[in-house]
Amino acid sequence: MKIIIPMAGKGTRLHPHTLKTPKPFFPIVGKTILKRLLENLSKLIKIFSIDEIVFIVSSNNNNGNYNIEKNLIKLSNEIGVHPIIYYQEKPLGTADALLKAKNSLIGPIIIIYSDTLFYNNNFENELDSKLDNIIWTKKVNNPNIFGVVKCNSLGLITHFIEKPNDYISNLAIIGIYYFKNSTLLKKELEYILDNNIKNEQGEYQLTSALENMRKKGIKFFSKQVNEWMDFGCKKTIISSNSKILSIEYSKKENKLIHKKSIIKNSLIINPCYIDENTIIKNSIIGPYVSIGKYTKIINSNIKQSIILDNTEINSVILHYSMIGNYCYYIEKIKELNLGDYSTSR
């Protein structure tokens with residue numbers, strides 16, 4: 001069995017944060033998204049003796065000096081698997097990206113997108129359940145922005161629909177797939193590209209291939225995860241950061257605040273993550289705030305936000321915000337003269 005991780009997207013919904021850092025390497029509570037994903041898979045890798053992991057990346061690396069290949073090799077070595085890297089020249093959709101790895105589409109495979117994390121207590125048993133194809137899903141409140149599946153009472157998928165305008169199902173496809181025979185998938189991906197079957201955005205989508213396979217009689221079953229965290233845009237990253245902070249804090253409690261951080265005359269409302277050599281003075285931080293290394297925060301009130309490394313923040317109130325590396329954000333002190341019943345915004 002192989003694990004395939006497509007990660008060739010440009011991360012445009014997360015600009016400007018992905019202009020220099022590829023989205024899978026964006027840090028969440030002290031670890032990159034990709035590192036967290038691979039750690040989640042480590043148990044699976046051991047149980048099924050997986051020794052090969054496949055990455056599909058963009059051949060046009062516009063992220064400055066960020067060495068994607070070097071980081072992928074390092075992360076793979078940490079979990080004891082051999083990395084294979086394929087390249088997608090143009091962002092033509094998930095079906096096109098997966099077909100770049102066609103030499104690895106042999107035998108059983110697991111496909112996992114690099115901007116998703118999941119917690120599922122029964123994942124290994126579901127893979128060992130003798131089902132030929134599994135699509136993992138999660139119930140959502142806004143199915144119109146996701147690919148969704150419709151199932152019968154046994155969990156057999158009866159339809160794949162990409163971002164439906166009308167309500168069909170609230171079971172969102174979260175980006176985790178299992179194929180017992182990936183050669184069948186490869187043939188369908190080739191059919192999609194050979195016949196120029198694109199969506200409205202001009203992309204070749206994996207969902208189209210799955211629906212064609214289903215119509216040909218190939219069975220897919222839906223399995224729901226316990227917890228799903230999406231990192232596609234600012235809103236979902238901040239929400240996922242909050243969930244991870246809650247999970248980590250329940251395990252480690254105050255260990256999320258580095259012993260080399262300096263906190264003076266400040267209130268920390270947990271759960272929060274504060275990395276080493278960060279200075280916090282005369283501030284209220286939290287809940288649900290992650291702060292990187294060598295950052296300085298003074299006279300500020302910050303909650304449910306992410307602040308990265310080497311940044312200085314002074315005299316601000318932040319909520320639901322993301323501040324990158326090497327930022328300098330200081331509000332000017334105002335002089336006010338308000339009379340009775342005045343309002344200032």
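Which residues make a nonpolar surface patch of about 230 Å²? The patch is made by Leu267, Ile269 and Ile284. The model is predicted, so local features need pLDDT of at least 70 and side-chain atom pairs count only at pLDDT 80 or more, whereas totals for chains, interfaces and linings use all residues. Residues are numbered from 1 along each chain as its sequence is written, and side-chain values use heavy atoms, with hydrogens and water left out.

A patch is built from residues with over 30% relative accessible area and no salt bridge; like charges are joined within 9 Å, and nonpolar side chains (Val, Leu, Ile, Met, Phe, Trp, Tyr) within 5 Å. Accessible areas come from the Shrake-Rupley method with a 1.4 Å probe, and for residues only the protein chains shown count as cover. A salt bridge is a side-chain nitrogen of Lys or Arg within 4 Å of a carboxyl oxygen of Asp or Glu. Ile269 has 34% relative accessibility and therefore counts as partly exposed; buried means under 20% relative accessible area, exposed over 50%, and partly exposed in between (1.4 Å probe, protein chains only).

Ile269 lies in the loop between β15 (267-268) and β16 (272-274).

Two strands pair if DSSP finds at least two bridges between them. Strand β18 (residues 284-285) is joined by two bridges to strand β21 (residues 301-303), and Ile285 stands opposite Ile302 in β21. In the loop between β18 and β19 (289-291) lies Pro287; the peptide bond from Gly286 to Pro287 is cis, with omega near 0 degrees.

Tyr320, between β24 and β25 (322-323), has a positive phi of about 55 degrees although it is not a glycine. Val29, between β2 (27-28) and β3 (31-32), has a positive phi of about 50 degrees. Val29 is buried because its relative accessibility is 6%, whereas Tyr320 is partly exposed at 26%.

Finally, the structure holds zero disulfides, a disulfide being a pair of cysteine sulfur atoms within 2.5 Å. The sulfur of Cys327 is too far for a bond because the closest cysteine sulfur, in Cys272, is 19 Å away.

Technical notes. Helices (H or I, at least four residues) and strands (E, at least two) are DSSP runs, numbered from the N terminus.
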